[in-house]
Structure formats: C-alpha cells, structure tokens
Amino acid sequence: MDALYLAREPAMTSVRRGLEPLIPALRRFARALARDQETADDLVQDTMVRALRAEHLFHGGDLRTWLFTILLNLDRNRRRGLARRPVLAVIEDVDPAAPPASDGTGRDIARGLAMMPPEQREVLLLVTLEGMSYREAADVQGVPIGTVMSRLSRARTMLRSHIEGERPQLRRVQ
Amino acid sequence: MADKAPITEEELHAFVDGELPADRMAAVESYLASNPEEAARIASWRAQAAAIRERWGAVAEEPVPERLHVDRLAVKAGRVWRKVAAAAAVAFLIGGTAGWFGRDLARTESTEFESSRQIAKALADAAIEAHRLYINEVRHPIEVRANEEHLLRWLSRRVGSAVHAPDLSEQGLKLMGGRLLPGPKSPTALLMYEGAGGERVTITCTSAGREGQTAFKWRQAGEFGALAWIEGGLAFVVAGPAERERLDRVARQIYAAYETPEAAK
C-alpha cells in the first residue's frame, strides 16, 4: 500500500536549534494578534510544526523573519476562516487572562489595534513590540520598505485618533 | 546639505523608531523643538509603543508551555505524517474520501459534459475549493511527500496517465508532495507546491476522457485564482494566490513539462 510508506524522522537541524530562543517572541506577537492565549499558542504551534516540516525550504537567511512570515500567513488564514463563520469572531475579543490595561482615557490599546486594517496592525506590532527594523518588517510582510512606512504612519494616526477620540479638541492657533 | 532639507513624515517615524540617519538627528530635533504640535504627535506615538509593550511585553517572560517545546513538536512533525498517510490511505481504500472534489461536478456528470470548456470551468471551481481546503492544512496538507519516489508512479497509476511534477523552482516554488482526490471520471491527482513565504500553489490533473483541448481559462474566487486547460486527454488546473501572471508562468511550465517530460526533469 503505497501511501503507507513511512516518512523519515527529521534530523536535528539549524532550524530546530534556531527555533528555540525565538518561541517567547513568537508567543508575544501571536498573543497581540490573536488576543486569547489558546488561539495564539495554536498559531505558534502551527508555525513551529510548519517550520520544522519545511526545513528544506529554508535556505539560510534570517530565521526570525521567516518564522514571522509563516505566522502571519497562518493568522491570515485563521481570520479568513473566522470571516466565513462570523459567529465565532466574538470569542477572540476577550483575553480573560490579560490585565485590563488602559491608556488612561478608558480606551484599551487592544481595541484600538483591533480596529485597524490587519496589515497596519501587523507592521505596528512588528516595529514596536518586536523591535524589528523597517527592513525586517518589510521582509516579513513581503512588501517594499515604503509600504511599511506608509502603513506605520496610517496605523499611528488611526490609533492616536482612537485614543484621543473622546477628548475635546483643543483649538489650534497658528 | 542633508540637514537643511525639510523634515518628512517618514523621518519623524524613523526618528521615533531609531532608524534616522545620524546626520538628520539635529535637524529633526530642532524642528520638534520649534513645533510643539509635531512634538506632541511624536510623544503620542511613543506612548502607543509603550502601551503596546506594557500590554503584551510580559508574554515573552512567561514559561513556554509544554506543547510548544521544540523536541516535542519535532517528534510530532515526523509522526503526524505517518499517521495521516496511513489514515488517508485507509480512508481512500474504503472509499471514504467524501467525494467532495466531484461534488460540484455531479450535476454536469449525469448529463455528460456538453463541452470541454464546461469541464475546464467545473474543474477550475473544484480545484479552487480543493486548494482552499488543503492550503490551510498545516499538519497534513498532502498524503505522500515529494521525496518519496513512488509519488508520481502512484498518482500516474490511479489517474490512468503519466503524471509529472515539473521543477518550478524558477517560480520560487518547491514540490511538497501530493494526494489523490475523487474526480469526475477517474481519480484526480493533486500536487502541492510551496513558496518560501509559505504561499501554496496546487496542480490538479485528471482524465478528461475523449474531450479535445482548450486554451488556458482563468477563474477567480476571492483571493484565489485558477488556470484550467485540457490537453491530450488530461484536464489540468493550477490554483493559487490570485496572481494571474505568476500562475500563467506556472501553467506554461506545466504545459511544457507534459509536452517534453524528459526535458522537464
């Protein structure tokens, strides 16, 4: 029975060694993207399994950017799935384990992030939370640096107006 | 002079993110000193970053849960393959593979295809659905891996015609492996390729019976696209991200591989 032929055990490789120290950052980033811990760790697990299985596709280069690219692809697939089943979307809204962090105006930073287009949220998190350079963020998203910068700019503008949205506007005098 | 140029929006972000070239630091700093509104904007960006780090930064300090230990997952990565391959083989042998690939074709099948054009269209739709289903599979997107030499022999035998897996490395794609699906007339072979960014492209190939040939037909469903054609008694569909030019190049390479199989090795 052909399909029963055994696949060989993956050997100890550089991907496997390099993966270990990156797990905490992957979890942090996934948590900010997916909000609840279970979903976020599922994303990280799938990213790791995929990376371990696809070692043959990794031809050197930056392991961190590659892993984040995989994670983003998986997250996009996940969100497509949620979009097709909108009733499930509610579940990811709350992370009961997280402290009710607040920016002082009563508006949650997480809610501000949730409101922006995914590719803007991704860039903002890659740069601020993960401390990636514009070049690295561009590699992760597979876009030119200019695109990263315009997404970042729009993300910050949107987040600022969200956070300050309920404050009275100060009259500007030139 | 670099430091006399007007300050751009990009430079303000670069300043905040530590990416501003040293020779522009003084210019940006003096600009901010004399523009309080701009300085407030910059301060709000810094506050956002601080709030983001405050909210999620500590996640990286948590102990890594056991299910994410590399050794554990590495073993799993190897083991799941075997389990799934076995399960799929058994499911296939008892005819339990659901028949979803042929589902959309069932209507047309009963009245026979009126034209090869219709087959191509129906196959493209089914292939997009197969593509959508399997590209999201992380743990078992394929039944048999590319490095197992019986892959093409097996698929060829089931499809009833030689199945080739062209080298698509020029398109940045590497063969992952394949699986067998129920098809309209006979089993359908699905080959899955993967790019370095994790994007996937599938090729499905099935017998088209006595049907003639068609030109490449383009179908698009949301973010997925497919090119379908019939040639030499086989119906082909290439499905992937809706990037027509890229899929077009892939399709042409497959076409060439079937024209001159030995050259495509």
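This note sets out, point by point, the main features of a predicted model.

1. Chain B in outline. Chain B contains nine helices and seven strands. Of its 265 residues, 35% count as buried. Among contacts in chain B between residues at least 6 apart in sequence, 55% join residues at least 24 apart.

2. The sheet of chain B. Seven strands of chain B make up an open sheet, in the order β1-β2-β3-β4-β7-β6-β5, and the pairing is antiparallel. At the edges stand β1 (144-145) and β5 (217-221) of chain B, each with a single partner strand, so one side of each has no neighbour in the sheet. As background, strands of a sheet pair through backbone hydrogen bonds, either parallel or antiparallel.

3. Helices against the sheet. Two helices of chain B may be considered here. Helix α8 (residues 150-159) of chain B packs on the sheet and touches β1, β2, β3 and β4 of chain B. The direction of this helix makes about 40 degrees with that of β2(B). Helix α9 (residues 244-259) of chain B also packs on the sheet, touching β4, β5, β6 and β7 of chain B. The direction of α9(B) makes about 25 degrees with that of β6(B).

4. From β1 to β2 in chain B. Two bridges join β1(B) to β2(B), and these strands run antiparallel. Here Val144(B) stands opposite Gly178(B) in β2(B). Strand β2(B) is mostly covered, with eight of its nine residues buried.

5. From β2 to β3 in chain B. Strand β2 (residues 173-181) of chain B pairs with β3(B) in the antiparallel sense over eight bridges. Two facing pairs may be located in the structure: Lys174(B) stands opposite Glu194(B) in β3(B), and Leu175(B) stands opposite Tyr193(B) in β3(B). Strand β3 (residues 188-195) of chain B has seven of its eight residues buried, so it is largely enclosed by the rest of the structure.

6. From β3 to β4 in chain B. Strand β3(B) also pairs with strand β4 (residues 200-207) of chain B, in the antiparallel sense and over six bridges.

7. From β6 to β7 in chain B. Strand β6 (residues 224-231) of chain B and strand β7 (residues 234-241) of chain B run antiparallel and are joined by eight bridges. In this pairing, Ala226(B) stands opposite Ala239(B) in β7(B).

8. Helices α2 and α3 of chain A. The axes of helix α2 (residues 23-34) of chain A and helix α3 (residues 37-53) of chain A come within 8 Å and cross at roughly 130 degrees. The two helices are therefore oblique to each other. The crossing of α2(A) past α3(A) is right-handed. On the α2(A) side the contact is made by Ile23(A), Leu26(A), Arg27(A), Ala30(A), Arg31(A) and Ala34(A). On the α3(A) side it is made by Gln37(A), Thr39(A), Ala40(A), Asp41(A), Leu43(A), Val44(A) and Thr47(A). By class, the contact of α2(A) with α3(A) has seven nonpolar, three polar and three charged residues. In general, an α-helix has 3.6 residues a turn, so residues three or four places apart point the same way.

9. Helix α7 of chain A. Helix α7 (residues 134-141) of chain A is mostly covered, since six of its eight residues are buried. The buried residues in α7(A) are Tyr134(A), Ala137(A), Ala138(A), Asp139(A), Val140(A) and Gln141(A). After α7(A) comes Gly142(A), whose phi is positive, near 70 degrees.

10. Helix α7 against α8 in chain A. Helix α7(A) and helix α8 (residues 145-163) of chain A pack at an angle of about 100 degrees, with their axes 8 Å apart. This angle makes α7(A) roughly perpendicular to α8(A). The contact involves Tyr134(A), Arg135(A), Ala137(A), Ala138(A) and Gln141(A) of α7(A), together with Ile145(A), Val148(A) and Met149(A) of α8(A). By class, the contact of α7(A) with α8(A) has six nonpolar residues, one polar and one charged.

11. Ile109 of chain A. Ile109(A) lies in helix α5 (residues 109-115) of chain A. Ile109(A) counts as buried because it has 23 C-beta neighbours inside 10 Å. Ile109(A) and Arg160(A) are 51 residues apart in sequence, and their C-alpha atoms are 10.0 Å apart in space.

Conventions
Residues are numbered from 1 along each chain as its sequence is written. Chains are lettered from A and ligands numbered from 1 in the order in which they are written. This is a predicted model: local features need pLDDT of at least 70, side-chain atom pairs count only at pLDDT 80 or more; totals for chains, interfaces and linings use all residues. Axes are lines fitted to C-alpha atoms, for helices over the stretch in contact, and angles run from 0 to 180 degrees between N-to-C directions. Helices (H or I, at least four residues) and strands (E, at least two) are DSSP runs, numbered from the N terminus. Angles under 35 degrees count as roughly parallel, over 145 as roughly antiparallel, 65 to 115 as roughly perpendicular and the rest as oblique. A crossing is left-handed if the near helix is turned anticlockwise from the far one by less than a right angle, and right-handed if clockwise. Two residues are in contact if their C-beta atoms, placed from the backbone, lie within 7 Å. Ala, Val, Leu, Ile, Met, Phe, Trp, Tyr, Cys and Pro count as nonpolar, Asp, Glu, Lys and Arg as charged, and the others, Gly among them, as polar. A residue is buried if 20 or more other C-beta atoms lie within 10 Å of its own, exposed if 12 or fewer, and partly exposed in between; C-beta atoms are placed from the backbone. Two strands pair if DSSP finds at least two bridges between them.
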